[in-house]
Amino acid sequence: FFQKTLTAVKNWFTLFGWPEGQNPISIPYSLRRDVCKVEMTSSQENASKPNLGKATKTLYDMVFHLSGQLLPGLTAYQSLPLDPVERILQLHWQHSTLLAFLKSQGASLPHVLPEFLLEPDDYKKWIEVQTGLKGPLAEGKGSGVSSEQQLLVLEDSMLERVSTRVWTDVLLQLYKVFVLPRVCSGGIPELFTSGKLQSMPRIKAEPLSSNIYSPPERVILTWLNKHYEENRETVWKDCQQGEVPPKRWIVNFDRDLLDGLVLAAQLAAYCPYLITTHFVRMYTNARSAEQLLHNNLILVSAMHAVRLFIGIKV
């Protein structure tokens, strides 16, 4: 399950997470690596902006693209010093700033420590630096650990697993606080004006009505219910592989979408010409894995037909 989640997150952020089009990412490798435009020494500080780093897309470019805000204290052309100790402290401070910024926007990341976002060699160097720091120095900018705190030292194999997990969680929380809120919840009553929908149970959008889905996610579920119920009879009235599918109440994003019918109904609402070319060949009561595969092959083919290339595998 976690591997499927990681793949989905990687695909979405590769396609939609960056300014000026797609940018392939790997979790956690490219995210740990691309944290600055260029590394400079103190003697270069007064030089003009370097050209070498302009093509590099950093994590902070992604955050700015999704949120419209630069992180406090960071610039678009953030640089790192070459001195190893200063570099580690600067990196740790940047990650601390990122986490603090996301938490201020509503992200839930209590399990993520800034040092877990570092590359393995940088993590080891940070541990060495922290072990060597004493007294007030340990509480300075970027050091991250006070004299009362205990260092959490991870083995190499554990560090890689933790790093992959926390970077995935950071991206999921980025999506939660900057992408999902764009879904407007004001139109839920209007979605049920159709006569077919009057008898259907409602999905409440209030923040405390679910401990699983956020209000924007529940708006999307309502939208799925609306189009499925309004279009199922139209889409599959001439179905070649069964009768018109029965009513269903769509309350989750996994089991209720497995057979492809719900998503096909959404596509048909906006692209009705796909009904005769694709959707009439779907099984409306899919039982076996082969029938489910058949339906989703048709669904993905329909997406490609309208040039909806979003990296979804059958």
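This is a short tour of selected side chains in a predicted model.

Residues are numbered from 1 along each chain as its sequence is written. Local features need pLDDT of at least 70, side-chain atom pairs count only at pLDDT 80 or more, totals for chains, interfaces and linings use all residues, and side-chain values use heavy atoms, with hydrogens and water left out.

Start with glutamate 229, in helix α8 (residues 215–235); helices are DSSP runs of H or I, at least four residues, numbered from the N terminus. Glutamate 229 has 4% relative accessibility, so it counts as buried (under 20% relative accessible area; exposed is over 50% and partly exposed in between, with a 1.4 Å probe and protein chains only).

Next come the aromatic rings. Rings of Phe, Tyr and Trp (its six-membered ring) pair if their centres lie within 6.5 Å; planes under 30 degrees apart count as stacked, over 60 as edge-to-face and the rest as tilted. The count by this rule is six aromatic pairs.

Select phenylalanine 101 and phenylalanine 178, a stacked pair with 5.9 Å centre to centre and 25 degrees between the planes. Phenylalanine 101 lies in helix α4 (residues 84–104) and phenylalanine 178 in helix α6 (residues 156–178), 77 residues apart. Phenylalanine 101 is buried at 6% relative accessibility, and phenylalanine 178 is buried at 9%.

Finish with Trp12, Phe13, Phe16 and Tyr175, which form one aromatic cluster.

Notes: Helices (H or I, at least four residues) and strands (E, at least two) are DSSP runs, numbered from the N terminus.
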